[in-house]
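Open the model in your viewer and keep the selection panel at hand. We will go stop by stop.

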Amino acid sequence: MTPVAETTPALLRVRGLSKHFDHVVALANVSFEAHAHEVLGLVGDNGAGKSTLIKIVSGVYRANAGEISFADRRVDFQTPRESRAAGIEVIYQDMALVDELEVWENVFLGRLLRNGLGMIERKRMIAEAAHLLERLGLDSLSPTTQVGYLSGGQKKGVAISRALYWDTRLIFMDEPTAALAVVEIQRVLDLIKTLRDRGVAVVFVSHNLKEVLATVDRVMVLHRGQVSGIRDARETSEDEVIRLMMGST
Amino acid sequence: MAVRDAPPRAQRPEAPPIDRGRLGRRFWGPLRDVILDNPAVFMAGILLAMWLILSRLSPHFFTVNNLFEITVQAAVIALIAIGQTFVILSAGIDLSVGAVLAAAAVTASLVMESGYGLTAGIAAALLCGAAFGAANGVAIGVLGIPPFVATLGMMGIARGYALIVTSGIPVFTLAEGFEVLGQGRVADVVPVPTLITLALYVLGFVILSRTRLGRYTYAIGSNLQATTFSGVNVTRYLIVIYSVSGITAAVAGLIEASRIGSGQPASGVGYELDSITAVVIGGTSLFGGQGNLFASLIGALIIATLRNGLNVLGVFAFWQMVAIGAILIAAVYLDRWRRRSRGE
């Protein structure tokens, strides 16, 4: 099988991205591409710039230099709202779910559907959330459960279904398997593959190299704000990735 | 991953068991679950118990007239508590409501005194309340000032405004028909303030449970960061939430002015604490995100019942303050205990 990266045009193109906070350089001249139908691993030591990169692409931070194009259009997102409207979703490590609200409300948070009277369309959203969970194989999860009662893996499932509902084309997943039970980790990794098979471009950030190499198609390594290497997952090894993370080639 | 039957209460971490005897164990278990799941139901039970006890103690208590009198006495605090509930659900606090009540009352009175009529007076009061509330929202949402400080500042500003525009003198000339708001009775039985209060509670309940504003109020109070990342315009909603609080304080100001027949620049002192007490007694969490509106109505009724009941029994008025303070502390303890039991 030919790698997706060589056969499909890039969905996300990042060229020469740089970001500094006062005198601290967070990213220096970072360039990469992400493709539909592909999982791209993003690894690097703490402080390598992974989070900064995600935050720039999703409109939380502004870059100091460089350009981003998404779906063949030059973009410059000012807020997370804009990047989301374009089809980019970030699933944060600390989850960004509201514990006091029910599953369906979390799926629709920020975009609750309303009828002509300004009332939210509760029944419709519950039905759509149920349908969505079913599509992801999460049908044991009731859309009317309060999110605070869910396990870590179930919460990831909710976050992923939220991302999927909104015709998301690119999903950043920041440490989606951190703090999960073993069974749940496998479930989340399977969900990532499901997303890929549905044509979503997934950027998977993790510290667990075994998980990364078993899940992704390509892996990109950051070291002190720079790209120290991009490798095909089948042609690299944990050892090589670790060397790249340490900055040696 | 069957969620429905996920964590049963029994498996949650609990404090070491205390031997309460056989009877204690049989009743404590189910009672504990009711309190944990729905503090509002529990507080409604307390209110009913208070009514039963008071009706045994005094023949004057459990009469239609006296019960409606309690609702009238509760109306002003209950109305302020609507906005206060919105604010506290969003993990904020509004200390300016008592002063805004006075500001709105004197604004309405001055407009009516100047001969612009009843409607203009009411509209002016509502606008005044909304403006002070929106200013709170801007200070908190745009300038990033903590709610406690922002609304404490606004408390001084609104009180100062009320005293300045009236030169500190109550306004006695009001429009004709204004007295109906606070003193009228529908069919000679049901007090108008009671009906207004009920109507606004129903409206507030619909807003909280069925509109974006309501759901985002809970979301902001439960997890501000997640709500922001979801693309909710938190600043805009905070301005609206504090405006709601300003408006309900203004309605309360109109009713109070109507009841006493004058716009008093010194009215509403301490009402911010009474309204917070009502909300907290109702079980709404000061940490935000948890609670329901009708519980605040129950809270306001409990306060009014205590005052009325102790009056009917002839208990010295200062003891009422002690009783209400004790109930407030007990309610907050209940909330803490609830959170601990749920492993939060």
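Which residue in strand 5 of chain A does A:S69 stand opposite? Select A:R74: that is the residue opposite A:S69.

Some ground rules. This is a predicted model, so local features need pLDDT of at least 70 and side-chain atom pairs pLDDT 80 or more, while totals for chains, interfaces and linings use all residues. Residues are numbered from 1 along each chain as its sequence is written, and chains are lettered from A and ligands numbered from 1 in the order written.

**The sheet.** Strand 4 of chain A joins strand 5 of chain A through 3 bridges, running antiparallel. Pairing takes at least two DSSP bridges. Now show the open sheet of 4 strands in chain A, order 2-1-4-5, with antiparallel pairing. Its edges are strand 2 (24-34) and strand 5 (73-75) of chain A.

**The chain interface.** Select both chains. Here 25 residues of chain A contact 23 of chain B; contact means C-beta atoms, placed from the backbone, within 7 Å. Helix 3 (residues 80-86) of chain A gives the largest share of the chain A side, 3 residues.

**Chain B helices.** Select helix 9 (residues 212-222) and helix 11 (residues 234-260) of chain B. Their axes, lines fitted to C-alpha atoms over the stretch in contact, come within 10 Å and cross at roughly 105°. Angles run from 0 to 180 degrees between N-to-C directions. The two helices of chain B are therefore roughly perpendicular, the term for 65 to 115 degrees. Among the contact residues, show B:L213 and B:Y216 in helix 9 of chain B, and B:V234 and B:Y237 in helix 11 of chain B.

Definitions and conventions. Angles under 35 degrees count as roughly parallel, over 145 as roughly antiparallel, 65 to 115 as roughly perpendicular and the rest as oblique. Two residues are in contact if their C-beta atoms, placed from the backbone, lie within 7 Å.
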